[in-house]
Amino acid sequence: MNSIEEQRGASPLSRFMAEEALGNGNGSHGKNGDYLGEVIESSTTEFVAESCELHGAPSFGRFVRVVSEVPIIGIVFNVFTQSIEPNRRPTAYGKTEEELRLEQPQIFELLRTEFQALVIGYVDDTGPVQTLPPQPARIHSFVYPCDDDEVRAFTRTDDYLRSILNTAKIPTDELVIATMRHTLRAHGRAAPYLVRMGKELARLLGDDYDRLSSIIRRVAY
Amino acid sequence: MKGKAIQNGRRGRRIGAVTRGSLVEGLEMKLDPEQNIEDMKAGKFVVIEGDKNDFFSMVTDMRLDANNQDVLLHPPAQEDALLRQVLSGTSTYNIVSLRPMLMMAKDAGDPELEGPRPVKAIPSHFSLVQEAEEEDVAKIFGREGDEQGKYFSIGTPLDMDTQVCIDTIRFAERSNGIFGKTGTGKSFLTRLALCGLIHFDKAVNLIFDMHNEYGFKAMKETGGSNSTFVKGLKQLFGPKVAIFSLDPQSTRARGMQPDYEVYISYDQISVEDIAPLQDELKLNPTAVESAYLVYAVYKDRWLRTLLALEGPDVEEFAREIGAHPGSLVALHRKLKRLESFPFMVSRLEGGDVVDRIMQYLDQGINVVLEFGQQTSMLSYLLVANIIARRIHEMYVKKSERFYATQRPEDQPRQLMITIEEAHKFLNPSAAKQTIFGVIAREMRKYYVSLLIVDQRPSSIDDEVLSQIGTRITALLNDEKDIQAVLTGVSGTEGLRSVLASLDSKQQALVMGHAVPMPVVIRTRNYDEKFYSDMGCLDELPEKERKEKVEADTVALFGEG
């Protein structure tokens, strides 16, 4: 699982930038343009999608959109790469990735990258809605990244933070931090927005001051 | 929702929302995070917008609070501005206590319900609280310049520039008090009040000016050696004010010719005038009884006769009239002090001063009685009691005649008597005996009221205090004094902290009959602008002065 801390080596923003830049190493997302993945498992609260490119999944904490009759918005909370077959596991070769691609290209065919996203809302006629959708995403639907405008539209209110905090079995604090960083960037890193998000968090985490201050510290880097 | 101010378009800035409270204890409001807690001052004027009524309220207390003790145990670092901002309004917040003073219906369907009324209801949860604006203040306190001359501006509310006016008619109707520690500007407040009464002609004043502050020039207490002089009542109002002096030399030395020199003859002093001096002269209670015995025989000449005696004759005399010798000797000895006063004479040449004063008062001319160098407590008490007692007698007669005839020309002019160091006249023991206690208790029956100026209101009799209609209070420290000033005025819970937090200069709390609700004011400046507002011509440039004189002449004598 990629966490924000591991990306802090380069500027933390470079990871986000990379995905949106066209023609970058992670570009050319498959036959239909910019889509990142295809849904292979789906439920009301979360879905799993296989990413088009190996290691080409959207970042942890990123907003993604599933295109369907009722577009569904989710936040990526888990990215994992593993072998196609459950019985065959990759072994260590002691060579760099470039060398392996030259010498043993077939091993990469046996790996695939998948990502799990938490469903936090959907879009209907009136605009983005921050509650669970009436129907889950359909299998084989395409998953696209949300651009800045979509993120801004969706985060006009801050109720989604509550959804993240209330979900079990996910790294909630880390996810909140990553999501908040993404939305902050989408809002142009405006200080008033940061304060507003912070206050909403303070309301939600009011009783746990340590947790609140830890999150605020890491969001603002 | 968050961050979006709800503007009604009519009023001042929103500062918070009502969170809890009760009618009896007052309301509490949570201050909006954008507002600075330091802007909330005790005594500040705010408006709570309820559903059907607006509540005009005063800030009485503020406090800091947090929803979680951990925040207070680990306060954010000084550099961590983001965390402090995030916490403010959510985990840490400011609570301001408000006391509603008046309520006003929003749409006056019923004409009877128009205008400010006493508070009988409270606003609902989360009612908007806004800063008060000019129209709010004008709606409640009126504006100077109405035809009746009812409203006189005495200052501005805290942090605002609009006028706060007292109702001069109501001010003149009852006795009033001006209180404050030494040096807080009571004389200025008194001067202001007197100017208001004189300028708008609501009452004629008799001022017992113990420290020579009101008649002519008075010194302004400014820092350092640069003290300037402010104009007195005579300079401001000219012919409407007459200066009577007990010490003409001193008055002349200060650059003013008194309009009348006051002398008192021994025959004018009655036994009732000696009674209030008991404390000052340290007389025995039996002394007064002895005095009555002398009076019984010699009537008006009792004091003259008593003082004419010397030494052992006094005891002899005591036995003659049946008085206790010891007490008469003590009385004699102590009353001998009166002979040393230069204004005590054995024969009056210029006529009775009290008659003269009465003449002036009848014509509507205000009288300032200066004491010059005669600033001893004894002379002050004696002269004030003598004159006040006889004036009061005359007023009682006039009033009774008016009640009988009901003719408007018989109606006596409302008289206000100003006394300083009022606790000497009105302490619990003296209040029963002095004429001032009587006047204070009678209220408006005989058209005489008091303006008492004092720095120890706790020494004044409770009953008298409760009859004081309007109180103008500068800073008071003593808990007992604060308690005393708040006696007998409704709706004063929560004003304690306001009183104790006043500035030591130029700030006062006004409450009572002449104002619809208690209000903290920054007192009106007693300066050139005030002089010209009061109609004093000295400072005006030549042209304007001529115009004004012409206008006044025409008004007085008609055209041509």
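**Reading the model, feature by feature**

Author: Start with a helix. In helix 13 (residues 325–335) of chain B, the residues Leu328(B), Val329(B), Leu331(B), His332(B) and Leu335(B) are buried. Keep in mind that this is a predicted model.

Reader: How do the buried residues of helix 13 of chain B lie, seen down the axis?

Author: Look along the helix axis and note the directions in which the buried residues point. For helix 13 of chain B they fall within an arc of 165 degrees, so they line one face of the helix.

Reader: Which helices do the buried residues of helix 13 of chain B pack against?

Author: Their partners are helix 10 (285–298), helix 11 (302–308) and helix 12 (313–321), again of chain B.

Reader: Now a helix pair. How do I read the axes of helix 15 and helix 18 of chain B?

Author: Take the approach and the crossing angle. Helix 15 (residues 377–405) and helix 18 (residues 435–442) of chain B have axes that come within 9 Å and cross at roughly 40 degrees.

Reader: Which residues make the contact?

Author: Helix 15 of chain B brings Asn385(B), Ala388(B), Arg389(B) and His392(B), while helix 18 of chain B brings Ile435(B), Phe436(B) and Ile439(B). By class, this contact has 4 nonpolar, 2 polar and 1 charged residues.

Reader: In which sense do strand 14 and strand 15 of chain B pair?

Author: Strand 14 (residues 241–245) and strand 15 of chain B pair in the parallel sense, over 2 bridges. Ser245(B) stands opposite Glu261(B) of strand 15.

Reader: How many residues of chain B are in contact with chain A?

Author: Count each side separately. 15 residues of chain B contact 13 residues of chain A. On the chain B side, helix 1 (69–73) and helix 2 (81–87) each supply at least two residues. Helix 2 of chain B gives the largest share, 5 residues. By class, that side of chain B has 5 nonpolar, 8 polar and 2 charged residues.

Reader: Finally, a single residue. Is Glu41(A) buried, exposed or partly exposed?

Author: Count its neighbours. Glu41(A) lies in strand 1 (residues 37–42) of chain A. Glu41(A) has 14 other C-beta atoms within 10 Å, so this residue is partly exposed. Leaving aside neighbours within four places in sequence, Glu41(A) contacts Phe47(A) and Val48(A).

Definitions and conventions
Residues are numbered from 1 along each chain as its sequence is written. Chains are lettered from A and ligands numbered from 1 in the order in which they are written. This is a predicted model: local features need pLDDT of at least 70, side-chain atom pairs count only at pLDDT 80 or more; totals for chains, interfaces and linings use all residues. Two residues are in contact if their C-beta atoms, placed from the backbone, lie within 7 Å. Helices (H or I, at least four residues) and strands (E, at least two) are DSSP runs, numbered from the N terminus. Ala, Val, Leu, Ile, Met, Phe, Trp, Tyr, Cys and Pro count as nonpolar, Asp, Glu, Lys and Arg as charged, and the others, Gly among them, as polar. Two strands pair if DSSP finds at least two bridges between them. A residue is buried if 20 or more other C-beta atoms lie within 10 Å of its own, exposed if 12 or fewer, and partly exposed in between; C-beta atoms are placed from the backbone. The arc is that of the directions from the helix axis to the C-beta atoms. Axes are lines fitted to C-alpha atoms, for helices over the stretch in contact, and angles run from 0 to 180 degrees between N-to-C directions.
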